[in-house]
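Here are some friendly notes to read beside the model. Keep the picture open and find each residue as you go.

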Amino acid sequence: MEKKKVTVPLVCHGHSRPVVDLFYSPITPDGFFLISASKDSSPMLRNGETGDWIGTFEGHKGAIWSSCLDTKALRAASASADFSAKLWDALTGDELHSFEHKHIVRACAFSDDTHFLLTGGIEKILRIFDLNRLDEQPRQVDNSPGSIRTVAWLHSDQMILSSCTDTNGVRLWDLRSGKIVQTLETKSPVTSAEVSQDGRYITTADGSTVKFWDANHFGLVKSYDMPCNVESASLEPKRGNKFIAGGEDMWVHVFDFHTGEELGCNKGHHGPVHCVRFSPGGGSFASGSEDGTIRIWQTSPVTHDESDLLGSEPSGKVKAVADEVARKIESGLHIGGEGKTGDTDKATDA
Amino acid sequence: MAARSGGSSFVQPLHPPSPKSPPKYPDLYGKRRERAKVQMLEREISFLEEELKSIEGFQPASRYCKEVTDFVMANSDPLIQLGLPCFNMACTSCCRNSGCCCYLKCPECWKCSLCDCSSCNCMSYKCCTSSDCNACKCTSCDCSSCNCSSCFSCCKVPKWQCCCGKMSCCCKFRPPSCTNCCSCKWKCYCPKCPKLCNCFRCTKTCCNPCC
């Protein structure tokens, strides 16, 4: 009988409301980290590899629409519906500063050099805060045609990009001149924009299309139609040979970058998927959903027999788990029933 | 519980490792824990109130269902023919007319030159609605085999005029008034031959001999 392949994600509970944004830090000497934005007004920091909860940033009074970590994962930032963006100490969880806005803040991003924080929201104004001069007024970058949905830095912080909630396309500003130098045309408003780790590609999701743009020449490199409306997409950072997309069908799809062939379909979320992001090493990817959970999936799924989930996993982490389980069997304890908080999700198909 | 060994070994399925989650209540006990619970509940209440506000503008789902039902009932399926289907396979021309209900007899269509309903069993008056219909074949119209219930719809001229002189005129509706029976060409068929014109309301003696 053929063994059925099963992909088992790590299911991260904790948020009590939909998870709307995820951000992985780069790999640091302490590992890499994942910060999640949720409508429950509390961004959470997690271990990027294991999904373990590290801490919650408390202080916002409204839904968090976006959160990010700086390059060294020492500071975090969050954009909130309470008309503020906050800067946090990622080690202690302390609030370092609150940047007041006049309307809902939808997006935030640290510059690569960690000196600046870019925000945008319903005011239709992009603001760049100098994190070394917290009390100074921010630089304002105008000419966004609509409420801002996404922001990102590129080209060594010389340019920024932004998309709008109700206007199609992605606009790119040169920060020296403060002017729009390029518009990437799309047929629907762009709900997700990601600059690849090597700075070569911009990955966008608009409607049911995922597009890849050359970040240097701004030409459209690839465009793929998805089986449903997708809210987020992410390109594999190391080899760039696959990408993921998630949206209203509640599944996280994996596609081949070059051919568009679907390589996998990860099921498990109980609500639309709002955000998908590859980890910095490309070995896993995370998805945040309306169901309030974050799921971390392995990029190269371990194959398991249905009756024995331990299979032939070569990774050291699972071997360590197997050893622990064996020890528990010997000591006569129940397997999987003690001390676990809330994970009753079953294995999903790939 | 240790796995049983023996003939039928049973191994409980192992659950995947679960990432740590934030504690529901931090290290608080007693009154402080209760206070933390209250704070969480208040937060939940505020979230739910916000969600309630956001859905206030939504119409009830039942209203949408009603709209769909009304639309479907008002707009017939374009693939379904109007009226009943014709069961008479020989009747092809009658069915060309829209609204033709070949299932029923169409008295106006018996000798309709627009359609040959001799073998037609159509009863629909819509079959020959055209004003050019000369189904009756009178000089104005021929009512010999006409069975129309409405004198005024079949022919251009009022029935009582065109049918005058025809014994078998089956016009059910008498003309409302007969102003000049002498011009009436009806042959009296009154059994007792009262020599009265059979024009409705007419009391004048018919000019023609009754016998």
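1. Helices (H or I, at least four residues) and strands (E, at least two) are DSSP runs, numbered from the N terminus. Thr259(A) has a relative accessible area of 53%, so Thr259(A) is exposed; buried means under 20% relative accessible area, exposed over 50%, partly exposed in between (1.4 Å probe, protein chains only). Tyr224(A) is 35 residues from Thr259(A) in sequence, and their C-alpha atoms are 9.3 Å apart in space.

2. A word on what you are looking at: this is a predicted model, in which local features need pLDDT of at least 70, side-chain atom pairs count only at pLDDT 80 or more, and totals for chains, interfaces and linings use all residues. Residues are numbered from 1 along each chain as its sequence is written, chains are lettered from A and ligands numbered from 1 in the order in which they are written, and side-chain values use heavy atoms, with hydrogens and water left out.

3. UniProt positions are given in the numbering used here, feature names are shortened, and annotations may be inferred rather than shown by experiment. Residues 266-298 of chain A are 55% strand and 0% helix, with end C-alpha atoms 10 Å apart.

4. How many disulfides does the whole structure have? Zero, over all chains, where a disulfide is a pair of cysteine sulfur atoms within 2.5 Å. Cys12(A) counts as buried because its relative accessibility is 1%, and Cys164(A) counts as buried at 1% as well.

5. Now turn to chain B, which has four helices and zero strands. Buried residues make up 27% of its 211 residues. For residues 31-58 of chain B, the unreviewed UniProt entry gives "coiled-coil region"; this span is 89% helix and 0% strand, and its end C-alpha atoms lie 41 Å apart.

6. Leu52(B) belongs to helix α1 (residues 31-55) of chain B. Its relative accessibility is 53%, so Leu52(B) counts as exposed.

7. Finally, look at helix α2 (residues 61-74) of chain B. Its 14 residues should span 20 Å at 1.5 Å a residue, and the end C-alpha atoms are 20 Å apart, which agrees; the expected span is 1.5 Å times one less than the number of residues. Is α2(B) largely in the open or buried? Zero of its 14 residues are buried, so α2(B) lies largely in the open.
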